[in-house]
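Dear colleague,

My notes on what was found in it follow.

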Amino acid sequence: MSRTALIVGMLWLAAADRGGAPAAAAAAADTADGQWTMPSKDYAATRYSALADITPQNAHALHPVWTFSTGVLGGHEGQPLVVGGTMYVVTPWPNVLYAFDLTREGYPLRWKYRPDVSANALGAACCDSVNRGAVYAEGRIVYNLLDGHTVAVDASTGRELWKVSIADMGSGETVTMAPIVVRDRVIVGASGGEFGIYGWLKGLDLNSGQVVWTAHNMGPDADMLIRPGTFKAPYDSGTDLGVHSWANDSWRSGGAPVWGSISYDPELDLIYYGTGNAAPYNSEQRLGDNKWSASVLARRPGDGALVWAYQFTPHDNWDYDATGAMILADLTIAGRLVKALVHFDKNGFAYTLDRATGRVLLAAAFAPVTWARSVDPGSGRPVLEAAKATGASRGNVKGICPSAEGGVSPSSPAAYSPRTHLFYSSTNNLCMDYETWRASHLKGTPFMGVNTPYSAGPGGHLGGFLAWDAGSGRKVWENQERYPNWSGALATAGDVVFYGTLDGWFKSVDARSGKVLSKFKVGSGVVGNPITYRAPDGRQYVAVYAGIGGDWALLAGDARSDDPTDVRAPADYMKDIARHTSQGGIIWIFGL
Amino acid sequence: MHPMHNHDHPCPSARLALAAFTALALLGCGRPAPPVAGSSAPPSPPGVSYEAHLAAGGIVPPGLTLRNPHAGDAGVAKSGAMLFKAMNCDGCHGGDATGWVGPNLGDARWRYGGADAEVFSSIYYGRPKGMPAFGGALGADGVWTLVTYLRSLPLPPDLPTESWEGQ
């Protein structure tokens, strides 16, 4: 689409949005690249925008044009949406939904929606009160509440259309992920890998919110929606693998939560999502592979049927959730064009899979890895380093890399540029000791039994941001960062890539070299994901949340300021983060 | 399940100290309500002086006298440290209660009061923002065991200032 046509389209959209023509707006949403209507920009989860006004030549002029305090202090993960002339923002608990009017000076609110969310959820959520965003579909904003509900709100009026209970907080289930919508199905999942939940994914009806199917991530084939003839795992065969790979029925409280993003291939009609860690952290209480924890699963969105599954970390010993983004891209590998799925795992390997079958095409370490030597191409299994196996009988196992924060946090989704053919991702350079003991399962309380002190990996810096060639499994460049890097990535057709740092710098860098083009100190550490859009004024803007949080390890010391009765010692590995940032939820918009 | 979890009945055995009995009576545990000190009236909110109520700041005004039967007992504190792990308290409050999802319990600062009876109430009945009520799972004696452990933690000097000058 030409720029003129796009602007005209956008103005029309803005008008339509105000006049309440949501169906037309939805139809245009797929093509009007000036918008950001899904959590990860598109079904392929590329976080790539075709907007190209901001370039390496002019990015130095980027400056803040607008800010807004959300009034909430929890970790601001996720990202805003921009649909027509409106920006939608979901806050961490208590999950307020703001709708800003981008057509008027100062972006005043059109409305705000304040659901009634239980404060008890704060004690059932492992890792702060985060929310990873909303999705727009057919005139609705759909998102999840921490206390286990999904809501649909009229995108024009802010009126609640439906609110349904999807998760049982009493069992330790909370909901932090951003849903996606495929046709009339809303796909949602629950957090709770630290509470021993029986992990699942659900498909709701977009019009009513009614649960149409529930698919567990382990357990009997019937619970997993494995139907005869539809399921073919690339490296496994047999029935009820989700039972037989868990000793003593441990699958019943085995975790495998869903708290990352979901992607979708319309041609194959498959949704892809990752599952979290197996519970408890003492792996000796759940001998076996523990399928399908720490895995990627491919399902039919209509009925939830499982089509294939691949386990990145069999018998997870290290809290290696696989909930990070599954990015779909067509790549040339060894001269052959492949429908690939690319995933940066907590376990430190970046995987390039065939997304039709789940077979591993390539796996290479993108961060320091000591728990395994490599991934065996024949079996798809990691080649383990025996000395790094953990368990209650093994005492304190030292020097495991990556740490339980991962080579990258699954909360920090990567981006893919089809122009550079590179993937862009935050990284953590952290290692850990891992001491575990027998954990008892008390419904609704943490099911862990572990202590995992962290330390800096090789080089002493704690994080970074890299460009990765997933066709060859090679790092192209990496910017070192002083602290673990927890923001998502944004790639643009202007060949400028954006990310934020934990100490509160928001940066634009050259997509081909990593050279920093601009940086600005926002009000708090960045754990959110930048987006870009074309506003009704015709200009390209970049928006990002500031608001450190999302993992209590990040808030050690006085980074927290809101509770005078909770004072903590600084983390050993990051003694001075509180010198550079404190909590605070702020939306920042940058322009040229 | 860990052997320390066998107190899962809300009405524990008669070996409990009389002080704990008072709290249990509030749960309607099928025993005659113990007499409220100095009164034979039916259960009703205890008398509170006006000034104490004004300053309560969200804390339940002191009415019932809850006394820790194990106060200062180092052996019980040690059991409490084990119970703190076994009941998954550390999963929220961190190893050695130094803070995680839930607040640091060893910083000499208390959201709902740090007297034995106040800490007992927090654990027994739960608190808003996600602190579960463990009275049912642990019984009064189990909760007092935890209180005794928490009160035994070495208190850091309360330095409200964190300085990076000279670094």
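In what follows, two strands are taken to pair if DSSP finds at least two bridges between them. Please note also that this is a predicted model.

That definition applies directly to the hairpin of β31(A) and β32(A), which has 4 residues between the strands and in which A:Gly473 takes a positive phi near 70°. Strand β31 covers residues 463-469 of chain A, and strand β32 covers residues 474-481. Their pairing is antiparallel and extends over 7 bridges, with A:Gly463 bridged to A:Glu481 in β32(A). β31(A) also pairs with strand β27 (residues 422-428) of chain A, again in the antiparallel sense, over 6 bridges. There, A:Thr427 lies opposite A:Gly464 of β31(A). Because 6 of the 7 residues of β31(A) are buried, this strand is largely enclosed by the rest of the structure.

Two open sheets in chain A

An open sheet of 4 strands in chain A runs in the order β7-β8-β9-β10, with antiparallel pairing. At its edges stand β7 (135-137) and β10; each has a single partner strand, so one side of each is left without a neighbour in the sheet. From one strand to the next, the twist averages 20°.

Within this sheet, β9 (residues 149-154) has 5 of its 6 residues buried and is therefore largely enclosed by the rest of the structure. On one side, β9(A) pairs in the antiparallel sense with strand β8 (residues 140-145) over 6 bridges. Opposite pairs between these strands include A:Leu145 with A:His149 and A:Tyr143 with A:Val151. The hairpin of β8(A) and β9(A) has 3 residues between the strands, and A:Gly148 in its turn shows a positive phi of about 95°. β9(A) also pairs with strand β10 (residues 160-165), in the antiparallel sense and over 5 bridges. In β10(A), A:Ser165 is the bridge partner of A:His149. Here the hairpin has 5 residues between its strands, and A:Gly158 in the turn has a positive phi of about 80°.

β11(A) and strand β12 (residues 185-189) are joined in the antiparallel sense over 3 bridges, and A:Val182 stands opposite A:Arg185 of β12(A).

The nonpolar core and chain B

Which residues touch the most other members of the largest nonpolar core? Among its 216 residues, they are A:Ile327, A:Val497 and B:Val143. Helix α6 (residues 135-152) of chain B gives the most to this core, with 8 residues. Leaving aside residues up to four places away in sequence, A:Ile327 touches A:Ala44, A:Ala45, A:Thr46, A:Ser263, A:Val342, A:Ala414, A:Tyr416 and A:Phe423.

As for the contact between the chains, 27 residues of chain B meet 28 residues of chain A. The side of chain B that touches chain A comprises 13 nonpolar, 9 polar and 5 charged residues.

In helix α5 (residues 116-125) of chain B, the buried residues are B:Val119, B:Phe120, B:Ser121, B:Ser122, B:Ile123 and B:Tyr124. The helix is followed by B:Gly126, which has a positive phi near 80°.

Confidence

The model scores ipTM 0.87 and pTM 0.89. For chain B, the average pLDDT is 74, and 61% of the residues score at least 70. Where in chain B is confidence lowest, and where is it highest? The lowest mean, 36, belongs to helix α1 (residues 18-25), and the highest, 97, to helix α3 (residues 74-86). Over residues 1-39 of chain B the pLDDT is below 50, and this stretch has 50 contacts in the model beyond near neighbours in sequence.

With kind regards

Technical notes
Residues numbered from 1 in each chain as written. Chains lettered and ligands numbered in written order. Predicted model: local features only at pLDDT ≥ 70, side-chain atom pairs only at ≥ 80, totals over all residues. Contact = placed C-beta atoms within 7 Å. Nonpolar A, V, L, I, M, F, W, Y, C, P; charged D, E, K, R; others polar. Buried ≥ 20, exposed ≤ 12 C-beta atoms within 10 Å, placed from the backbone. Core = buried A, V, L, I, M, F, W, Y, C linked by C-beta atoms within 7 Å. pLDDT = per-residue confidence, 0-100. Axes fitted to C-alpha atoms, helices over the stretch in contact; angles between N-to-C directions.
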